[in-house]
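Please look over the sequence and the 3D view before reading on.

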Amino acid sequence: MSDRNIKAGDHSVMTVGLTGGIASGKSTVSRRLGELGAVVIDADAIARNLQQPGERGHSAIREHFGDAVIDPTTGELLRQELANIVFNDQVQLEALNGIIHPMVREETARLIEAAAPGSVIVYDMPLLVETGQHSDMDQVLVVEAPVEERVRRMVTDRGMADDDARRRIAAQATDEQRRAAATTVFDNSGRVQDLVRQVDEWWRLQGS
């Protein structure tokens with residue numbers, strides 16, 4: 001365990017940042033680490049909860065972007081409408097990140113504080129590098145896959161248009177930027193079994 005372990009109450013935990021571009025296979029790694037015994041904090045899930053009606057993230061988004069991104073019947077966030085705005089306007093994307101990311105960090109700190117002594121805390125966050133939070137972690141795991149393969153997955157598995165998929169990839173950090181922050185890079189250019197095997201080996205080394 002590194003000397004930079006974050007203190008949670010009167011005990012220490014090992015913090016691991018997990019990131020990767022959209023459709024890189026990060027969710028597979030996150031799920032496997034949870035199966036192996038890590039405490040996984042899913043930043044996307046926290047962000048989604050913050051955007052539910054009645055939550056503070058929802059209120060802040062409505063105040064900034066207006067009623068055009070709110071369903072008039074249910075009061076829920078119209079995620080596609082919001083995505084259409086922010087992925088075509090860098091200023092608005094930064095505004096959204098400025099609303100949600102500080103709230104996600106606060107909730108993450110609370111979950112770390114509640115962790116059991118000696119836990120391995122995996123912070124699953126797509127924008128770990130973009131928000132600079134990788135520098136707070138003991139280790140940084142990056143999942144990589146070729147861009148064309150990621151586009152194929154987004155088009156085939158998620159039903160996105162090709163240009164929309166490429167726009168979303170372009171809005172995130174590059175592979176080079178994520179790799180520069182990584183302590184370990186997982187290669188997901190092959191089979192899922194190969195990716196899982198890399199994760200298992202990394203986990204084994206943490207206990208050695």
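## Alanine 23

Alanine 23 has a relative accessible area of 9% and is therefore buried (buried means under 20% relative accessible area, exposed over 50%, and partly exposed in between, with a 1.4 Å probe and protein chains only). It is found in the loop between strand S2 (11-20) and helix H1 (26-36). Helices (H or I, at least four residues) and strands (E, at least two) are DSSP runs, numbered from the N terminus. Most residues other than glycine have a negative phi. Alanine 23 is not a glycine, yet its phi is positive, about 65°.

## Basis of the model

This is a predicted model, in which local features need pLDDT of at least 70 and side-chain atom pairs count only at pLDDT 80 or more, while totals for chains, interfaces and linings use all residues. Residues are numbered from 1 along each chain as its sequence is written, and side-chain values use heavy atoms, with hydrogens and water left out.

In H3, the buried residues are Gly57, His58, Ala60, Ile61 and Phe65. They lie on the same side of H3, because they cover an arc of only 165° around the axis (the arc is that of the directions from the helix axis to the C-beta atoms). These buried residues pack against helix H2 (43-50), helix H4 (79-86) and H5. After H3 comes glycine 66, with a positive phi near 85°.

Two packed helices are described by the angle between their axes and the distance between the axes. For helix H3 (residues 56-65) and H5, the angle is about 165° and the axes are 10 Å apart. Axes are lines fitted to C-alpha atoms, for helices over the stretch in contact, and angles run from 0 to 180 degrees between N-to-C directions. H3 and H5 are therefore roughly antiparallel to each other; angles under 35 degrees count as roughly parallel, over 145 as roughly antiparallel, 65 to 115 as roughly perpendicular and the rest as oblique. On the H3 side, Arg56, Gly57, Ala60, Ile61, His64 and Phe65 meet residues of H5 including Leu96, Ile99 and Met103.

Arginine 105 lies in helix H5 and is partly exposed, with a relative accessible area of 35%. Leaving aside neighbours within four places in sequence, arginine 105 is in contact with Thr131 and Gln133 (contact means heavy atoms within 4.5 Å). Isoleucine 46 is 59 residues from arginine 105 along the chain, and their C-alpha atoms are separated by 9.5 Å.

Alanine 116 lies in the loop between helix H5 (90-113) and strand S4 (120-124). Its relative accessible area is 44%, so alanine 116 is partly exposed. Alanine 116 and valine 39 are 77 residues apart in sequence, with 9.3 Å between their C-alpha atoms.

## Helices H6 and H7

Helix H6 (residues 147-158) and helix H7 (residues 162-170) have axes that come within 9 Å and cross at roughly 125°. That angle makes H6 oblique to H7. Among the residues that make the contact are Val151 and Met154 of H6 and Ala165 and Ile169 of H7. H6 passes H7 in a right-handed crossing.

## Helix H9

In H9, Leu195, Val199 and Trp202 are buried. The buried residues fall within an arc of 60° seen down the axis of H9, so they line one face of the helix.

Definitions and conventions: A crossing is left-handed if the near helix is turned anticlockwise from the far one by less than a right angle, and right-handed if clockwise.
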